[in-house]
Amino acid sequence: MLKTECEHYRPEMAAKVGQRSQVCEVCAIEGPLRVCADCGFVGCCESRNSQDTEHWKLTGHAVIVQLPLRETSFTWCYAPNDYLK
Ligand SMILES: [Zn+2]
Ligand SMILES: [Zn+2]
Ligand SMILES: [Zn+2]
């Protein structure tokens with residue numbers, strides 16, 4: 001899915017996304033981690049305790065970015081569960 005087609009993605013998200021924590025903010029494990037593009041929440045992914053998914057359910061923040069942040073980090077939207085390109 002293209003970023004322009006995602007109702008949750010806003011272009012300014014890419015500029016402000018950063019890594020404020022080196023561990024999951026809920027269970028303190030070291031990864032793999034994702035960062036919420038909306039509010040900066042750092043959570044572990046589905047292969048651990050799925051705090052990124054919990055965050056989406058709790059807040060409606062649908063867009064996450066893979067950590068650590070690199071040129072190749074993927075962006076993902078939980079609705080409808082697809083990579084944003
Ligand atoms: Zn979306
Ligand atoms: Zn966690
Ligand atoms: Zn968030």
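Is cysteine 27 buried, partly exposed or exposed, and which value of relative accessibility places it there? Cysteine 27 is partly exposed, at 26% relative accessibility; buried means under 20% relative accessible area, exposed over 50% and partly exposed in between (1.4 Å probe, protein chains only). The model is predicted, so local features need pLDDT of at least 70 and side-chain atom pairs pLDDT 80 or more, while totals for chains, interfaces and linings use all residues. Residues are numbered from 1 along each chain as its sequence is written, chains are lettered from A and ligands numbered from 1 in written order, and side-chain values use heavy atoms, without hydrogens and water.

**View 1. Donors of the zinc ion (ligand 1).** Cys6 (SG), His8 (ND1) and Cys77 (SG) lie 2.1 to 2.3 Å from the zinc ion. Donors are N, O and S atoms within 2.8 Å of the metal (3.2 Å for Na, K and Ca); water is not among the atoms, so sites may look incomplete. Histidine 8 precedes α1 (11–16), whereas cysteine 77 belongs to strand β4 (residues 75–77), 69 residues apart. Histidine 8 is buried at 18%, and cysteine 77 at 0%.

**View 2. The largest nonpolar core.** This core has 17 residues; Cys6, Tyr9, Leu33, Val35, Val63, Cys77 and Leu84 have the most contacts inside it. Such a core joins buried Ala, Val, Leu, Ile, Met, Phe, Trp, Tyr and Cys residues through side-chain atoms within 4.5 Å.

**View 3. Cysteine 36.** Cysteine 36 is buried, with a relative accessible area of 2%. The whole structure contains 0 disulfides, a disulfide being a pair of cysteine sulfur atoms within 2.5 Å.

Technical notes. Helices (H or I, at least four residues) and strands (E, at least two) are DSSP runs, numbered from the N terminus.
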